[in-house]
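I set out to record what I looked up in this structure, entry by entry. The notes follow the order in which I consulted the model.

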Amino acid sequence: MSWNYFRSKLLLQYIWSYILIFLIPLVVLTIFIYQNAVNNLRSEIEQSNVNQLNQVKLNIDSRMTELRDIASRIAYDEQLTPYMIRHPYYSRDAISALGKYKANSSILEELFLFYRNSHAIYSSKGMTNVDVLFDQYYLFEDWSKKDIIKELETELYPVVRPAESVNLSMNITKSMLAYIIPITPNSSSPHGTVLFLMEESKLTGLMDTILNGFKGNTYIFDDKGRVLTQNNHGEPIPKTEIHLLSELGPGIHSLKLDNMQQSIVSVKSSMNGWTYVTAMPSEQFFGRVFHIQTFFMLAFAVVVIAGILAAIILARKQYHPIHDLMEFALLNEEASAAQPAPKRRNELEWIRKTLHDYSARVDIQEPFARNQFLLMLLKHGKLDNPESAHIMEMIGIELTGKYYFIIAISWDEYPGVADALQHRQQIVELLEEIEIPEYGAHAYGIELPHFDQFALIVSMNEDSRISVEHQMEQIVEALRIIVMESTHLIPSIGVGNAYEDAALLNQSYIESASALEYRMANGKGSITYFNKLSHTPNDTFWIAKDSLLKLTQSLKQGNDTVAMQMIEAIFNKLKAERVSISLLRCICFDIMNTLLKTASELGLNELIRDIPSFTSFESLEELEKKLQLLAAHICEQVERNSENEQLSLMDSVIAHVDQQYTDYSLSLEAIAQKFSISSSYLSRSFKEKTGSNFSQYIWQRRMDEVIRQLLTTSDPLKDIIVRVGYLDTPNFIRKFKKETGYTPGQYRKLHASSEQAKAAADADDESIS
C-alpha cells in the first residue's frame with residue numbers, strides 16, 4: 001500500500017505554513033518599500049515642479065526687470081529728451097534709439113514713448129498721434145482709448161495690465177499685456193510714460209520651455225489677484241474658481257476644482273508680488289507613481305509565485321521523512337493485522353500508534369538489548385560519542401566509578417546436585433545488576449555466548465585507605481560469597497586489570513578471560529588475577545619512545561644538528577647495553593624504520609629504492625654512519641623544500657601586488673595578514689626578492705601606470721591619478737616632478753602626440769578648475 005501525497009492534510013498544512021512564513025514578511029516588507037518609494041517619488045515630483053516653477057518665476061522676473069531697466073535708460077537717454085525727439089533733424093536718431101531698446105528684449109511686441117501734455121506718441125516705427133494709434137492700430141478689447149490716454153498722462157507707478165485681446169490694423173488679433181512705467185522712475189512728477197506691449201504667447205512659450213511638456217494649467221497673478229496671463233494645456237479651470245488659486249500661499253497644495261482633485265504648486269515673487277501657479281489633475285501629476293505601482297505588483301506576483309513553488313518543494317522535502325514513516329507504519333499494520341488498516345487521514349496518528357506498538361515490543365526486548373549493549377562494551381570498550389551515552393541512559397547503565405574492571409565467571413556443579421540449569425538462571429538474575437556499597441562498587445552482569453560463562457562490569461570508587469588491588473580482591477571475594485550462598489554452584493573467577501578509562505574495558509575483558517583460562521591449572525573454584533600472571537624479565541631492552549619521537553621531529557623540522565645528536569645518543573646507548581644479536585638487529589631495524597617512515601611522510605619516496613643499501617651493515621658504527629647520511633639527506637631536502645616554498649610565496653605576493661597596486665587601501669600589513677606571515681618577514685623577503693622595499697615598489701608601479709596612461713590616453717590627470725590608487729593629487733604631482741623633473745602635464749606635452757597632448761591639456765585644465 002502506498003500513501004498518496006495528495007491525500008495528505010499534513011502536507012497541505014506544511015505548504016500553507018511555508019507560504020505564510022514567507023508571505024507575511026514579504027507583504028509587510030513590500031508595503032513598507034512601496035510606501036517609501038512612492039513617498040520619495042512623490043517628493044521628487046513635487047520638488048521638481050516647485051523647482052521648475054521657480055525657474056519660470058526667475059526668468060519672467062528677469063524679463064520684467066529688463067523692461068524696468070529699459071525704461072530707466074530711456075528716461076536718461078540724451079537722444080530721447082522731449083527736445084531731441086521733437087527736433088526735425090534729431091528725431092530720426094531718437095526713433096532709431098527706440099528701435100534698439102526694443103531689440104534688447106525678447107518678449108516685447110512694441111515699445112512706446114509718450115510725453116505728457118502731448119498728443120504725440122513715439123515707437124521704433126516713428127511718431128503717431130495717440131488718438132490715431134489707439135483708434136486705428138491697437139484696439140484693446142477692454143481698455144478704451146480714453147482710459148489708455150488717462151493712464152499714460154496720470155500714472156505715477158509701474159502698472160501691468162492683464163493680457164487681453166488686441167485687434168491690430170491688419171485685422172490680426174493678438175493677446176497682449178501692457179506694462180506702463182512712468183519716467184523719470186521714482187519721481188513724484190514724471191514727465192512721460194513708457195508703454196511696453198508684450199505678446200502673451202511669448203510669455204507662455206517661455207513657461208512651456210521651462211516646464212518641459214507640462215500637461216496642465218499655468219497662471220500668473222499680480223499682487224491684486226488678477227490673472228495676468230494663463231496657459232492651458234488641459235481642461236481649463238472655471239473662471240469662477242480661478243480666484244481660489246491666487247489665494248493659496250507658496251508651496252504644494254491639493255484642491256478640488258470643478259469636481260476634480262487638482263495638485264497645485266504655487267510660488268510668489270518677492271520683486272513684484274506676482275504669484276505663479278501650476279494646476280493639473282492629481283492622477284496626472286503623480287502618473288509616474290502608477291508605473292512604480294505596476295512594477296511592484298509584477299515583482300510581488302513573481303516573488304509570490306516563486307515562493308509558492310519553493311514552499312511546495314520545501315514542504316515535500318520536509319514531509320518526505322513522515323511519508324517514509326507512513327509507508328513503514330502501513331506495512332507494519334498490514335503485516336500484523338488480517339484486516340486492512342482503517343482509513344485515517346492523520347499521518348501523525350498512524351505514526352503515534354506504530355511507535356506505541358514498538359515501545360511495547362522494546363519493553364519486552366529491553367533485557368536482550370541491554371545484554372547486547374554490554375557485550376559491545378566488552379568487545380570495544382565504552383565509545384565516547386553521544387549515541388552511546390544516549391543508549392546507556394535509555395537502558396539504565398551508569399559507569400560513574402573511578403576505576404573499571406571485568407570479572408569473568410565460570411562455574412562447576414557440586415557433586416550430586418540436580419537442576420544445575422535452574423541455579424545458573426538464578427545467578428543471571430542475581431548478578432544482572434548488583435550493588436556492593438561497603439566497597440563502593442556497582443556491577444552489571446552479562447551473559448556470555450559460552451554456556452557456562454558469565455561476566456561482570458564492575459565500577460568502583462577509590463578508597464584511600466587501601467590499594468586498588470586490595471579493594472578489587474575484597475569486591476571479588478564478596479561477589480564469590482554471594483554466588484555460593486545463593487546457589488549450589490562453584491564459581492571459578494578470572495579478574496582483569498583495573499583502568500581509570502571505561503574505554504579500556506575491552507582490554508580488561510581480554511585479561512579476565514585470559515586469567516579464567518588458568519582455572520585448569522589452579523583448580524575448580526579458584527580466583528585468578530591477570531596482573532599476577534604478568535612477568536617481565538630483567539634483561540630486556542628497547543629504545544625509549546620519546547627518543548624516537550624526538551628524532552622524527554628533528555627530521556621534519558630539517559634540523560640536522562639535533563638529528564645527528566639523537567642518532568649518536570641512541571647508538572651510544574645501544575653500545576653500552578648488552579643485548580642479544582637478534583634483539584640488537586631488531587632494534588636497529590626499528591630505528592631505520594623510523595627514519596624511512598619519516599622520509600615517506602615528507603614525500604621523499606625515492607629513498608625507498610635505497611632500502612637494500614641501508615639493511616646491509618656489519619657493525620653498529622657502519623649503520624650509524626649510514627643513518628646519519630640518510631638523516632642529513634632528509635634534512636637537506638626539507639630545507640630545500642622550505643626555500644622553494646618561500647620563493648613560491650614571494651612570487652605569489654608579488655603577483656598579488658601587481659594585480660592590486662591600484663587599490664589605495666593596499667598595505668604591507670594587509671598583505672601579511674592575507675598570506676598569514678609577519679609584516680617584518682614579508683618586508684625583508686620582499687626587498688630581497690625585488691631589490692626595493694614595499695612602498696617604493698608600489699610607487700614605481702603606480703608611476704609607470706600613470707606615465708603609460710599619460711602617453712596613451714587623453715583622460716584628465718586627476719582621473720588617472722585616482723585610478724591608479726593615489727588619492728592625494730597635489731602630493732603625487734610634487735613627487736612626480738621631483739622624480740622626472742616635469743609635472744605630469746608637462747611630461748605629457750613633451751612625449752605625447754600634438755593632438756592628444758592638446759586634448760589632454762584641456763581635460764587637465766577642466767579637471768583642475
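Entry 1. I looked up F140 and W143 and found both buried, where buried means under 20% relative accessible area, exposed over 50% and partly exposed in between (1.4 Å probe, protein chains only). The model is a predicted one: local features need pLDDT of at least 70, side-chain atom pairs count only at pLDDT 80 or more, and totals for chains, interfaces and linings use all residues. Residues are numbered from 1 along each chain as its sequence is written, and side-chain values use heavy atoms, with hydrogens and water left out.

I noted 10 aromatic pairs in the structure; rings of Phe, Tyr and Trp (its six-membered ring) pair if their centres lie within 6.5 Å, and planes under 30 degrees apart count as stacked, over 60 as edge-to-face and the rest as tilted. The ring centres of F140 and W143 are 5.1 Å apart with planes at 75 degrees, so this pair is edge-to-face. For Y726 and F732 the centres are 5.1 Å apart and the planes at 65 degrees, so that pair is edge-to-face. Y726 counts as buried because its relative accessibility is 13%; F732, at 0%, counts as buried. I then found that W699, Y726, F732, F736 and Y747 form one aromatic cluster.

**Entry 2. Helix α23.** Helices (H or I, at least four residues) and strands (E, at least two) are DSSP runs, numbered from the N terminus. Helix α23 (residues 694-712) has 19 residues and spans 27 Å from first to last C-alpha, close to the 27 Å expected at 1.5 Å a residue; the expected span is 1.5 Å times one less than the number of residues. Among the buried residues of α23 are F694, Y697, I698, W699 and R702.

**Entry 3. Nonpolar cores.** I took a nonpolar core as a set of buried Ala, Val, Leu, Ile, Met, Phe, Trp, Tyr and Cys residues joined through side-chain atoms within 4.5 Å. The largest has 45 residues, and I74, L80, L113 and F196 have the most contacts inside it. Helix α1 (residues 9-76) gives the most to this core, with 10 residues. Another core lies apart from it, with 26 residues, including I427, F454, L456 and V495. Leaving aside neighbours within four places in sequence, F196 is in contact (heavy atoms within 4.5 Å) with residues including L67, I70, L108 and L177.

**Entry 4. The sheet of 7 strands.** I read the order of this open sheet as β3-β2-β1-β7-β6-β5-β4, with antiparallel pairing; two strands pair if DSSP finds at least two bridges between them. β3 (126-129) and β4 (138-140) stand at the edges with a single partner strand each, so one side of each is left without a neighbour in the sheet. Strands β1 (residues 108-115) and β2 (residues 120-123) pair over 3 bridges in the antiparallel sense, and F112 stands opposite S123 in β2.

**Entry 5. The sheet of 5 strands.** I found a further open sheet, ordered β9-β8-β12-β11-β10, also with antiparallel pairing. β9 (227-232) and β10 (251-257) are at its edges, each with a single partner strand, so one side of each is left without a neighbour in the sheet. β8 (residues 217-221) pairs with β12 (residues 275-281) over 5 bridges in the antiparallel sense, and the bridge partner of N217 in β12 is A279.
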